[in-house]
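These are my notes from going through one model. I looked up the sheets and then the salt bridges.

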2 protein chains.
Amino acid sequence: MDIQDLAQRLRSGERRALARAITLVESSRSDHRALAAELLEVLRDSAPREAMRIGLSGTPGVGKSTFIESFGKYLTGQGKRVAVLAVDPSSSRSGGSILGDKTRMELLSRDPLAFIRPSPSQAHLGGVARRSRESVTLCEAAGYDVVLVETVGVGQSETMVEGMTDLFILLLAPAGGDELQGVKRGIMEMADIILVNKADGDLKPAALRTVADYAGALRLLRKRAQDPADFPKVLPVSALAEEGIARAWEEMKTLWDWRAANGFHQSRRAAQARAWFEDEVRQALLARLTEDPQLRALMGEKAAQVTKGHLSPVRAAAAILERM
Amino acid sequence: MDIQDLAQRLRSGERRALARAITLVESSRSDHRALAAELLEVLRDSAPREAMRIGLSGTPGVGKSTFIESFGKYLTGQGKRVAVLAVDPSSSRSGGSILGDKTRMELLSRDPLAFIRPSPSQAHLGGVARRSRESVTLCEAAGYDVVLVETVGVGQSETMVEGMTDLFILLLAPAGGDELQGVKRGIMEMADIILVNKADGDLKPAALRTVADYAGALRLLRKRAQDPADFPKVLPVSALAEEGIARAWEEMKTLWDWRAANGFHQSRRAAQARAWFEDEVRQALLARLTEDPQLRALMGEKAAQVTKGHLSPVRAAAAILERM
């Protein structure tokens, strides 16, 4: 594989080159890992490009796909190039939701200004984090203006996505006050903007009430000193009726520009790079367990004893670590 | 700390001893880790006790706390001792949901036959898995008949909980057919019994429709060859009205007894012990990164270069791994 050529085609905006590059960083084969590392270094040495990296979280049922379709089309309508990456390992068994992802974001996926990449199928969250970070970097190098990183988790994967984006958007559905309890405080604190979707038709009053409820809840949470006083914000949107999308985008831009003007993106990305480095070390260390044949044999032997109940998991682990 | 004494008091059913033991296994201090390992070994050498380990998953808003309260009270009403463990790291920043956990399961928490333990505050999912597994073992050794392991995740933590329980229950709220799409196929496949909550009052018809929808969806999924043909099942419950709880318990018992009679719990627990061992090795390996002072210093140095943008995360990691 000619990495220089791939890098050049990727930088020139060729979608197939981007897709191929992401497949490369998602691979766990060691030769692919080496090529991926080389590609990232080549791109790193090119003139830097900066996308607005947006994390988008929302539990199943809030209308996330419809929102992405609506928001994505709005942005491409303004001439912006939009990449959408999903980060959640979809399933450790079979992948994908019941109805599949084929019908998701149908219009956006046919838009020449958009690039949509479904979840990596790897179940291991650490591996997913690394590959997603690299994929974000690739989309940025390919000249996308906005990189939307989508997650459906309720905690762990949000932390991961916050670690690779500049803005964090939480999408909610209209809900009664009781259900406020369900949203983890940690995720609320990550959110820069909360969008209450389905603010249309019969659900509109409930959506507006939810906006008010969450605005109230946010006041209880500590503000980030660095942001303008009126952030985080809560806004109603209707992905279906395509209402409130422009306003949501304006608010994202406002916050982004403010942070850019104050150098906050730079410091945040520096901290993210550091975390990336530390994670990279951890992942590579774990890979050693499976790479060394002797160690692998010993692991197999101890595992057999544990399976038979002759040895406790903790004692078996101690035996392995003594050897290393 | 006298581990023999703690083990003895725990085995005699002293709740404070159990609480203390769980605090010990949740600690990351290395002296505590050593004591925890010793405690587990002492308990392992005692006459074995077996609880029914039930994983319970449900996204925020489905009424999980109300269900646990209702289900737990039903079981203690039958003279059974019930332990409830929550496994999700509640937040990487501040922990706990907005309204806090204090008002959750008020009746059950005062029940002398019940033991409730909130989530560990550790954000690291790997660490949480280890500690939760050990906590389940402790509850079992303390003679609890049922250990309920609660999770709110939408994927990763379910896999973790499935790895430490015998039965997996998924709690859902009544919902339209569209929202079926949101439930990941992997979680559906894990579920032995799906309970559709809120089957009361105005929501009852919707709940019954949801039961039918999911029963249909389950037929599309591959059955586990080992289970009776009518599992996994979908049943309506009302945690609030305390309806359907006895039926749900009967079905759990039926499946549990069937699996026990066929030796499936034994083989499942053997596989879980193996996975536990492998995870234990991984966790201990990672701990080395922070324990060795020289390595820690080098990590700090490289991290500083990455933060300043002088070195890419991937190259910095390679430098560390070369040294190890």
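How many bridges join strand β6 of chain A to β7(A), and do the two run parallel or antiparallel? I find 4 bridges between β6 (residues 193–196) and β7(A), and the strands run parallel. I note at the outset that the model is predicted.

**Entry: sheet of chain A**

I looked up one residue of this pairing: A:I194 stands opposite A:V234 in β7(A). I then checked which helices lie on the sheet. Helix α2 (residues 15–26) of chain A touches β2 (82–86) and β3 of chain A, and its direction makes about 25° with that of β3(A). Helix α4 (residues 64–77) of chain A also packs on the sheet. I list its contacts as β1 (52–57), β2, β3, β4 (146–151), β5 (167–172) and β6 of chain A. The direction of α4 makes about 180° with that of β4(A).

Next I read off the strand order. The sheet of chain A is open and has 7 strands, in the order β3-β2-β4-β1-β5-β6-β7, with parallel pairing. I noted β3 (114–117) and β7 (233–236) of chain A as the edge strands, each of which pairs on one side only. Neighbouring strands are turned against each other by 20° on average, direction ignored.

**Entry: sheet of chain B**

I repeated the search for chain B. I find an open sheet of 7 strands, ordered β3-β2-β4-β1-β5-β6-β7, and its pairing is parallel. In chain B, β3 (114–117) and β7 (233–236) each have a single partner strand, so one side of each is left without a neighbour in the sheet. The twist from one strand to the next averages 20°.

For a pairing inside this sheet I took strand β1 (residues 52–57) and strand β4 (residues 146–151) of chain B, which run parallel and are joined by 6 bridges. The bridge partner of B:L56 in β4(B) is B:E150.

I looked up two helices here. Helix α2 (residues 15–26) of chain B lies across β2 (82–86) and β3 of chain B and runs at about 25° to β3(B). Helix α9 (residues 204–220) of chain B touches β5 (167–172), β6 and β7 of chain B, and its direction makes about 180° with that of β7(B).

**Entry: salt bridges**

A search over all chains gave me 44 salt bridges. I looked at B:E41 and A:R315, whose side chains meet in a salt bridge at 3.2 Å, N to O. Why does this pair join two chains? B:E41 lies in helix α3 (residues 30–45) of chain B and A:R315 in helix α13 (residues 313–323) of chain A, so the pair joins two chains. I count B:E41 as buried because its relative accessibility is 9%. A:R315 is partly exposed, at 45%.

I then took B:R259 and B:D192, with their closest N and O atoms 2.6 Å apart. B:R259 is in helix α10 (residues 245–261) of chain B, and B:D192 is in the loop between α8 (185–190) and β6 (193–196) of chain B. The two are 67 residues apart, and the pair links distant parts of the chain. Both B:R259 and B:D192 are buried.

My last pair was B:D257 and B:K253, at 3.6 Å between the closest N and O atoms. They are 4 residues apart in helix α10 of chain B, so about one helical turn separates them. B:D257 is partly exposed at 37% relative accessibility, and B:K253 is partly exposed at 31%. I also recorded a network in which salt bridges that share partners join A:E50, A:R53, A:E140, A:D166 and A:R269.

Note on methods:
Residues numbered from 1 in each chain as written. Chains lettered and ligands numbered in written order. Predicted model: local features only at pLDDT ≥ 70, side-chain atom pairs only at ≥ 80, totals over all residues. Heavy atoms only, no water. Salt bridge = Lys/Arg side-chain N within 4 Å of Asp/Glu carboxyl O. Buried < 20%, exposed > 50% of the residue type's maximum accessible area, 1.4 Å probe, protein only. Pairing = 2+ DSSP bridges. Axes fitted to C-alpha atoms, helices over the stretch in contact; angles between N-to-C directions. Contact = heavy atoms within 4.5 Å.
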